[in-house]
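User: I'd like a close look at just one part of this model, the second chain. Could you walk me through how it is put together?

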Amino acid sequence: MTTAFRRVLDQITTIRGVRGALFIAGEDGLVVADSVMEDIKPNAVAALAGSLVRRVRRGAESAGVGTPNFVHLQGATGTICAVPAQAGMLVVVLAEPEVNVGLLRLAMRKAAEVTG
Amino acid sequence: MSDIGGGGQRVVEPWVAAPLSKFVGEAGARLTLIMNPSGQVLAQHGFTRAVDVMAAAALGAAIVASTAEIARLLDEPRFNALNHQGSRHGIFVGGFDSPRGRLLGLVVYGSNSSMGLVQLFFEEFARDLVAACPAPETRRPVLAEDFERELNQSLATLFRT
């Protein structure tokens with residue numbers, strides 16, 4: 001199964017500007033599978049992205065807008081995107097600021113379906 | 001431990017204070033104990049009662065001793081960390097080597113944190129503690145009459161108001 005996950009993540013990383021893609025266990029903040037550049041620490045990304053998404057979800061639910069199906073955090077030097085997948089997993093992507101977010105979102109949703 | 005996470009921070013050794021505060025803030029830990037493998041406590045965060053500290057330290061040290069024996073059976077040098085995941089709380093127990101010998105951290109976290117976050121920041125915490133740790137003092141033999149006095153002094157430090 002991890003090989004299948006890796007294959008899907010490798011497809012995401014072919015999108016221009018993507019620096020890494022991961023499947024993480026959302027509640028635990030642990031890496032399930034990853035395909036990231038050498039300078040990226042997957043454990044740190046998983047822990048922090050998991051925490052970010054949990055907080056965003058709580059905020060969204062408190063605000064009455066339901067569970068987020070796409071989280072996009074745009075920073076000065078990069079972008080983090082997350083999409084919920086099956087079994088409490090998340091697809092998380094780190095990318096350059098100029099990445100095509102629409103294309104990335106489609107690829108991430110497709111990746112999330114693989115976990116079903 | 002009904003008043004979980006309600007207490008403040010107490011340290012027996014002052015060099016532990018700053019790294020502990022940083023770790024608790026970053027990892028979102030509710031309870032943290034730093035101790036040696038014998039269960040002697042160097043610092044605690046979040047506990048409100050001495051009896052809870054003593055129980056947690058003894059149980060944490062026992063968990064590590066038990067898993068060390070399992071590691072021995074598996075020809076593993078040692079397990080560096082272990083997790084127990086509950087429905088509302090998780091427990092993380094990790095160990096690291098310092099100039100004062102091997103130290104253990106027992107961390108209880110809730111829904112505002114995660115296993116990944118605690119693991120991530122515990123590694124940094126261990127590095128900070130090793131950097132802050134002064135050179136070991138010359139060890140003298142532990143006498144029975146000193147042991148109880150030192151234990152009481154440590155507990156008084158951990159819970160004085």
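In what order do the elements of chain B run from the N terminus on?

Analyst: Keep in mind as you look that this is a predicted model. From the N terminus on, chain B goes β-α-β-β-α-β-β-β-α-α. That gives chain B four helices and six strands.

Let's take the overall build next. Chain B spans about 45 × 45 × 30 Å along the principal axes of its C-alpha trace. Its radius of gyration is 15 Å, which agrees with the value near 15 Å that a compact globule of 161 residues would have. As for burial, 35% of the 161 residues of chain B count as buried. If you take the contacts in chain B with a separation of 6 or more, 60% of them join residues 24 or more positions apart.

Now the sheet. It is an open one of six strands, and across it you read β1-β3-β2-β6-β5-β4 of chain B, with antiparallel pairing. At the edges sit β1 (9–11) and β4 (81–85) of chain B, each of them pairing on one side only. On average, neighbouring strands in this sheet are turned by 10 degrees against each other, if you ignore direction.

Helix α3(B) packs on it and touches β2, β4, β5 (90–98) and β6 of chain B. The direction of α3(B) makes about 25 degrees with that of β5(B). Helix α1 (residues 17–27) of chain B lies across β1, β2 (29–35), β3 and β6 (101–109) of chain B. With β2(B), helix α1(B) makes an angle of about 150 degrees.

What about the inside? In soluble globular proteins, nonpolar side chains tend to be buried together. Here the largest nonpolar core has 72 residues, and B:Val118 is one of those with the most contacts inside it, along with A:Leu22, A:Ile24, A:Val91 and A:Val93. Helix α3 (residues 115–132) of chain B supplies the largest share of this core, nine residues. If you leave aside its neighbours within four places in sequence, B:Val118 is in contact with B:Ala27, B:Ala29, B:Phe92, B:Val107, B:Tyr109 and B:Ser113.

For contrast, jump to the loop between α2 (50–73) and β4 of chain B, where you'll find B:Asp75. Its phi is positive, about 60 degrees, although B:Asp75 is not a glycine. B:Asp75 counts as exposed because it has 6 C-beta neighbours inside 10 Å. A:Ala87 is exposed, with 9 other C-beta atoms within 10 Å.

Last, the place where the chains meet. Chain B puts five residues into the contact, while chain A puts in 10 residues. On the chain A side, helix α2 (residues 42–62) of chain A gives the most, with six residues. By type, the residues on that side of chain A are four nonpolar, four polar and two charged.

Conventions:
Residues numbered from 1 in each chain as written. Chains lettered and ligands numbered in written order. Predicted model: local features only at pLDDT ≥ 70, side-chain atom pairs only at ≥ 80, totals over all residues. Contact = placed C-beta atoms within 7 Å. Helix = DSSP H or I, 4+ residues; strand = E, 2+ residues; numbered from the N terminus. Nonpolar A, V, L, I, M, F, W, Y, C, P; charged D, E, K, R; others polar. Core = buried A, V, L, I, M, F, W, Y, C linked by C-beta atoms within 7 Å. Buried ≥ 20, exposed ≤ 12 C-beta atoms within 10 Å, placed from the backbone. Rg over C-alpha atoms; globule rule 2.2 N^0.38 Å. Pairing = 2+ DSSP bridges. Axes fitted to C-alpha atoms, helices over the stretch in contact; angles between N-to-C directions.
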